[in-house]
Amino acid sequence: AGERANRMRIPNVVHFIFGYSAKDVAFKFMNFVAVASALRVLRPEAIMVHCLREPTGFFWDLVKPFVTMVQGRDVKAIFGNPVEHYAHKADIVRLEALIELGGIYLDVDVVTLRPFGRLLDEEVVMGHQGVGAGAGLCNGVIAAAPNATFLKMWYDQYRTFGRLQEVNPWDYHSVVLPSLLAKEHPHLVSMQAFDAFHWPLWDEKGLQLMFDSFDYDYANNRAVHTWNTALAGSRHKDFGMHWCFECHSTLVSMLRAYVPDPLFSLVIICDGKADAVTDTLESVVGQAFPSWEVLVVDDAGDSRCGAAAQSWLDVPGHATQEQAQRVQLLSIGGGSWGGGHAESLNSAVQSSRGLWLCALSPGDRLAPRLLRAAAAALSRQPALQLLLLPSALPARSGVLRASAAAASPNFPSLAEALAPAASSAGAAAAGHFFSIPCGVSWAASHRRCHGPVVRLWISS
């Protein structure tokens, strides 16, 4: 392996660009998948994220320990030609980074599926966007050695940027021009087939294949470009973590491997109410979104709640073995008063592993799609710091319970947002908001929709 590394012309260093659009600097689920898949599949020596503005949100907090953030320059002009659109600025920054440092550039919506292997022995590697005479070379994936001749020729062509009235200015310098240069100088670039990086395409048919079909198996893809801009304007725009467990498509099912697991830690403080804890536990086990854990805390100085929970889990049909393993039974304090409610919460926080926390009382029943609604909201707006959901169902007494509330980790302030209701019940009441140190984990391994889930931990 060491000898081959010495022969590689292209450094195994990955580059991403983010934060050039002032409208949205929230690092979303697909952005997280792009970085996480590159880290997991390519095993790079470094990942460099070139940012004009630092990303925000808990997905960024997850990957930040594993990347090097580079302050990107705000490109105002190139060779005297003004550059205004953020996408064109990013086009130029990627070329400058690769010419100086070399490595593998990936758009922040590219999912890496396979190692690049011997492609790194080339000087420059790009993939076709589309098929037939109109296909270009897309700059969404570029692998290049430092000071590559092809990239320097390409960069020099920006002398005409914005001046060629007869061509489409949007993608001429990013897709059309490199294709023209490659036809003139084919020895300077290794041109990969249409399905190496950029297939399916960004049109409706392509998005359908990616997000709503099992008819494409990605057998030849080393990566797949998910075309975030086109996706955001399509009927698949609601894609998020919650889709990954619903059998939408081959690709979406594969992305289960990158849903943080557990995403939610649900804490039930029993306070001696052993007869009601199983109602709450049943509603959690029945959730449509499965990335959760439950901590049942008995703070009354005995183990009645824990015993009740365990007895319920032991009944065949109540929970699968995998679901039962997601339930922790904790006993806090001693004596008739136990350790107190606050101590119980703090102890549960220390034992929990989820990225978001939700405090429940025995008898609370979560609507079956509550966690799905929360995962959808967090996929859309990962910079949220507090999530309030009108989600509770009437408890056995008939009294509407307080809404479940989840607070994200390590944020000094709280910003409220209302997610789509998971049930018709609309309650709002004060809850317990608290924090937990943030770890990095995601589930790995799958077969289509229903394969086994094995946790993969990445530690700094």
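**Exercise 1. Determine in which hand H5 passes H6, and which residues make the contact.**

Step 1. Helix H5 (residues 149-156) passes helix H6 (172-184) in a right-handed crossing. A crossing is right-handed if the near helix is turned clockwise from the far one by less than a right angle, and left-handed if anticlockwise. Helices (H or I, at least four residues) and strands (E, at least two) are DSSP runs, numbered from the N terminus.

Step 2. This is a predicted model, where local features need pLDDT of at least 70, side-chain atom pairs count only at pLDDT 80 or more, and totals for chains, interfaces and linings use all residues. Residues are numbered from 1 along each chain as its sequence is written, and side-chain values use heavy atoms, with hydrogens and water left out.

Step 3. The axes of H5 and H6 come within 10 Å and cross at roughly 125 degrees. Axes are lines fitted to C-alpha atoms, for helices over the stretch in contact, and angles run from 0 to 180 degrees between N-to-C directions. H5 and H6 are therefore oblique to each other. Under 35 degrees counts as roughly parallel, over 145 as roughly antiparallel, 65 to 115 as roughly perpendicular and the rest as oblique.

Step 4. Phe150, Met153 and Trp154 of H5 meet His173, Ser174, Leu177, Pro178, Leu181 and Ala182 of H6. Contact means heavy atoms within 4.5 Å. By class, this contact has 7 nonpolar, 2 polar and no charged residues. Ala, Val, Leu, Ile, Met, Phe, Trp, Tyr, Cys and Pro count as nonpolar, Asp, Glu, Lys and Arg as charged, and the others, Gly among them, as polar.

**Exercise 2. Describe how H4 and H5 cross.**

Step 1. The axes of H4 (residues 86-101) and H5 come within 10 Å and cross at roughly 145 degrees. The crossing is left-handed.

Step 2. H4 brings Ile92, Leu95, Glu96, Leu98 and Ile99, and H5 brings Leu151, Lys152, Trp154 and Tyr155. The classes are 7 nonpolar, no polar and 2 charged.

**Exercise 3. Find the angle and the contact residues of H10 and H11.**

Step 1. The axes of H10 (residues 274-285) and H11 (residues 304-314) come within 9 Å, crossing at roughly 45 degrees. The two helices are therefore oblique to each other. H10 passes H11 in a right-handed crossing.

Step 2. The H10 side is Ala274, Val277, Thr278, Leu281, Glu282 and Val285, and the H11 side is Arg304, Cys305, Ala308, Ala309, Trp312 and Leu313. That makes 9 nonpolar, 1 polar and 2 charged residues.

**Exercise 4. State which helix gives the most to the lining of the largest pocket.**

Step 1. H4 gives the most, with 6 residues. Other elements that each supply at least two include strand S1 (13-18), helix H2 (29-42) and H6.

Step 2. Of the 45 lining residues, Tyr86, Asp109, Trp227, Asn228 and Thr229 are the closest to the centre of the largest pocket. The lining divides into 21 nonpolar, 14 polar and 10 charged residues.

Notes:
On a 1 Å grid over the protein atoms alone, a cavity is a set of points where a 1.4 Å probe fits but cannot get out, and a pocket is an open set with protein on both sides within 12 Å along at least five of seven lines; lining residues have an atom within 4 Å of a point.
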